[in-house]
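Here is a briefing on one structure. It covers the nonpolar cores, a sheet and the ligand shell.

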Amino acid sequence: MANLSFSYSKMSTYKECPQKYKFRYILKIPEKPKYFFAFGTALHKVMEFMYANLKPPFPPLEETLRFFREDWQKTSFADKGYASVQKELEGYEEGVKIIEAYYKKHEKDIFNPLSTEFRTTQEVDGLSIISIVDRIDYLGEGKVSILDYKTGKTVKREPDQLLMYQKLMSQSPQLLNLVRTKEPTIEKVDVANLLFYYLPKLEEQIYTPAPKEEIDEFWQGVLKVADNIKAAKFTATPGETACKFCDYRNLCPVWKDKKAESFENLSAEAEQKSLSPLEVLAEKIDKLGTMQEDLSKLKAEVIKEMQALKLQRHFGKEYNVILDEKEYLNFADEKAVIALLKKENLLGKTLVPTLETIEDLFKNEQVSLEQKQALGALAKKVKTCDLKILKDIE
Ligand code: SF4
């Protein structure tokens, strides 16, 4: 029997919910793209690019930013999992800030890593384990430091991941060969240091290696998970957070029962009204539409009256409202704008030519007054007004 293909991600998915593991790895049902994965992958690629030639100094900041930008532009906002072009742009700008800050902090202390994106497949105890280590630094005398980049907003400890690295890297023949390119007489790799590097905060969390007993206990847990997978034990373990963000809810047996419950409620209501369930649902949709129309009319009246009375905020007994007025530039003739941006060599200054990025050109000091005037001639100022409705008086 072939060894079970395994990895840290597979183990953590199984621990989160065996049913999810089945959907993802056995049935291979695709999930929606997630923007935080796309963002993390993009920054990992940047780190690999910066350290890739294994020779200091880093490539110049502009070169790294160009690499980031070109790689970012290869996929659309939807492919990355962002809800809109604007959200994608915010992600891009956050990436630029992180790269700039990383340069500021590390430009002078760069050193040659032993490896970046170190990929191995090891056969251990009937498992074929794939691992990718973000960066390995050589400390001399067979000692290595293992580094994993994190790009999330919250600092979350994942000690299992480090225990996995420690176990696998200390017995990896490929890593031993790599260490021997530095010191040919080394007999064994010593994982002396493990650390998580949080890129958004430029913070390191350093862990000392775990004692052998802890590694052995952890490994027994890994083998148990692997045994359960081999025995096809995929009972769902629903959890509030896990299910909330799970793409398989529509297929999951746990949630199918819940949908059945809600259908039963709908059927009971239909029977009471002597209608079919579809007719009851249609009634509700019409009610919703009418309420939305009434809401829009009422909002327009309140806005008009507040503007007439020159009020920015006003209070009811339980609610209060704030006028939310915005002004933006509208470029009706898209083709003319793109042609102008091309002619004036300004296209490169906008990541994606959206209203926001074009508006930013007006604040950009590298854009001349004449260019701003030419752009301004194609724009029309538009004012919008909406209401913010608040429950409590603040
Ligand atoms: S919806 Fe919940 S129970 Fe079902 S597979 Fe996803 S995480 Fe597991």
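**Cores, sheet and ligand shell**

The largest nonpolar core has 30 residues, of which V144, I146, Y165 and M169 touch the most other members. A nonpolar core is a set of buried Ala, Val, Leu, Ile, Met, Phe, Trp, Tyr and Cys residues joined through C-beta atoms within 7 Å. Buried means that 20 or more other C-beta atoms, placed from the backbone, lie within 10 Å of the residue's own. This is a predicted model: local features need pLDDT of at least 70, side-chain atom pairs count only at pLDDT 80 or more, and totals for chains, interfaces and linings use all residues. Residues are numbered from 1 along each chain as its sequence is written.

- Y165 touches V133, I146 and L194, leaving aside residues up to four places away in sequence; contact means C-beta atoms, placed from the backbone, within 7 Å.
- A second, separate core of 14 residues includes V46, M50, F68 and Y92.

**Sheet**
- Three strands form an open sheet in the order β7-β8-β9, with antiparallel pairing; strands pair if DSSP finds at least two bridges between them.
- β7 (313–315) and β9 (380–390) each have a single partner strand, so one side of each lacks a neighbour in the sheet.
- F315 stands opposite N320 in β8.

**Ligand shell**
- The ligand is surrounded by 13 residues, and C17, P238, C243, C246 and C252 are the closest; the cut-off is a C-beta atom, placed from the backbone, within 6 Å of the molecule.
- α2 (18–26), α10 (240–244) and α11 (253–273) each give two or more residues to the shell.

Conventions: Helix = DSSP H or I, 4+ residues; strand = E, 2+ residues; numbered from the N terminus. Buried ≥ 20, exposed ≤ 12 C-beta atoms within 10 Å, placed from the backbone. Contact = placed C-beta atoms within 7 Å.
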